[in-house]
Amino acid sequence: MSTLPLPSDAELRILQALWEEPGASVHDVRQWMCTHEREVSYTTVLTQLQRMHKKGLVKRQREGLQHHYRAVGTRAEVEAELIRRLSDKVSDGSAVRLALKALGTDRPSPDELNELQRWLDAQKEEDE
C-alpha cells in the first residue's frame, strides 16, 4: 500500500463507497455519497474517479456502456498507511503515542473501553 498515493479527503469518501459497494458505477458512487455525505453532481464524481484511476487509487472495468470501479487498496491497508503517516508526522513514528493523544481528546464509551482492554490483553499475551 505504501507505493500508492494517499487519498485526499474527497477521494477517501469515494473509497468508502467503493469498499461498501465494490464494482460500483459512477451513478452508484454518486447515490452512496448523496445518501451518506452530501449532494454531489454526477460530473464531479466522474471527474474524481477518473483522477483516482490515473493516480492508481481505483481500477476500472468497462461493462457495456458503463465503467465500474474498485478500490485498489483495502480499507485496512489505507487506514494503516494513514495512521503510519500521521504518527510519523506528529508522534515520532509511534502509533501508541498517537493513540494516547487521540484518547486524551475524547471520552470513550464503555464498549470502546472494553474493546481497548481486549486489545491490551491480547498484546500482553503475545509478549508472554
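Let's start with a pair of neighbours: strands β1 and β3 (residues 66-71) run antiparallel and are joined by two bridges. This is a predicted model, and the tour below moves from that strand pair to the whole sheet, the helices packed on it, the nonpolar core and one histidine. The protein is divided into two domains, domain 1 (9-83) and domain 2 (94-122).

**The sheet**
- Follow the strands across the open sheet and you meet them in the order β1-β3-β2, with antiparallel pairing.
- β1 (24-25) and β2 (58-63) are the edge strands, each pairing on one side only.
- A24 has Y69 of β3 as its bridge partner.
- Y69 also has R60 standing opposite.
- Six bridges hold the antiparallel pairing between β2 and β3.
- These two strands make a hairpin with two residues between them, and there G64 takes a positive phi near 70°.

**Helices against the sheet**
- Helix α1 (residues 9-20) packs on the sheet and touches β1, β2 and β3.
- The direction of α1 makes about 95° with that of β3.
- Helix α3 (residues 42-55) lies across β2 and β3, and runs at about 115° to β2.

**The nonpolar core**
- How many residues does the largest nonpolar core have? There are 19, and those with the most contacts inside the core are I14, L18, V29, M33, V45 and L49.
- At least two core residues come from each of α1, α2 (26-36), α3 and β3.
- Helix α1 gives the most, with five residues.

**A closer look at H53**
- You can find H53 in helix α3.
- Is H53 buried, exposed or partly exposed? H53 counts as partly exposed because its relative accessible area is 28%, which falls between the cut-offs of under 20% for buried and over 50% for exposed.
- Setting aside neighbours within four places in sequence, H53 is in contact with V58, K59 and R60.
- H53 and Y69 are 16 residues apart along the chain, and their C-alpha atoms are separated by 8.7 Å.

**The two domains**
- Stepping back to the whole protein, the centres of domain 1 and domain 2, taken over C-alpha atoms, are 30 Å apart.

Note on methods: Residues numbered from 1 in each chain as written. Predicted model: local features only at pLDDT ≥ 70, side-chain atom pairs only at ≥ 80, totals over all residues. Heavy atoms only, no water. Domains from an automatic or database assignment. Pairing = 2+ DSSP bridges. Helix = DSSP H or I, 4+ residues; strand = E, 2+ residues; numbered from the N terminus. Contact = heavy atoms within 4.5 Å. Axes fitted to C-alpha atoms, helices over the stretch in contact; angles between N-to-C directions. Core = buried A, V, L, I, M, F, W, Y, C linked by side-chain atoms within 4.5 Å. Buried < 20%, exposed > 50% of the residue type's maximum accessible area, 1.4 Å probe, protein only.
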